[in-house]
Amino acid sequence: MNAFARAALAAAALLASTYGAVAHAHLKAQMPAADARVSASPAALSLAFSEGLEIGLCGVTLKGADGKVVATGAAALATDDDKRMTVPLDGALAAGTYTVEWHVLSKDGHPTRGAYQFTIGP
Ligand SMILES: [Cu+2]
């Protein structure tokens with residue numbers, strides 16, 4: 001390996017570790033909570049992240065137990081917190097297990113995504 005290749009590798013390693021250390025928008029809390037069972041349909045989903053969000057490029061796909069997409073309102077930032085996204089629900093959700101697939105772009109320009117489930121039922 002020549003000196004240039006070594007330098008390039010070192011730079012790549014540094015870059016990788018730098019990016020690894022940066023806090024992207026990780027999902028920190030959500031309502032209904034991940035894996036929670038709630039007795040009543042929530043009026044909205046609430047997702048709190050570790051970083052501020054570019055809300056125009058953020059959203060969720062809500063799916064029922066049958067995998068079908070459940071319509072929701074548009075994702076919006078909480079008025080007092082640019083790290084928290086709320087998604088109003090169009091109507092009451094029937095009993096069952098739902099999957100929330102979320103994707104966000106944080107203010108530092110990094111996309112992150114994930115999914116969690118909650119259940120409505122007694
Ligand atoms: Cu980031």
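**A sheet and a loop**

G59 stands opposite H103 in β8. Strands here are DSSP runs of E with at least two residues, and they are numbered from the N terminus. The model is predicted, so that local features need pLDDT of at least 70 and side-chain atom pairs count only at pLDDT 80 or more, while totals for chains, interfaces and linings use all residues. Residues are numbered from 1 along each chain as its sequence is written, and side-chain values use heavy atoms, with hydrogens and water left out.

Strand β4, residues 59-63, pairs with strand β8, residues 96-105, in the antiparallel sense over five bridges; two strands pair if DSSP finds at least two bridges between them. The open sheet has five strands, in the order β2-β9-β8-β4-β5, with mixed pairing. Its edge strands, β2 (37-38) and β5 (69-70), each pair on one side only.

I turn now to the loop between β1 (27-31) and β2, where P32 lies. A cis peptide bond joins M31 and P32, with omega about -10°. D35 is in the loop between β1 and β2 as well. Phi of D35 is near 65°, a positive value in a residue other than glycine. Is D35 buried or exposed? D35 is exposed, at 68% relative accessible area; exposed means over 50%, buried under 20%, and partly exposed in between, with a 1.4 Å probe and protein chains only.

Finally, Q30 belongs to strand β1 and is buried, at 15%. Beyond its neighbours within four places in sequence, Q30 is in contact (heavy atoms within 4.5 Å) with S46, L47 and Y116. A polar atom of the Q30 side chain lies 2.8 Å from the backbone nitrogen of A34.

Definitions and conventions
Helix = DSSP H or I, 4+ residues; strand = E, 2+ residues; numbered from the N terminus. Polar contact = N/O pair within 3.5 Å; in protein donor to acceptor, adjacent residues only side chain to side chain.
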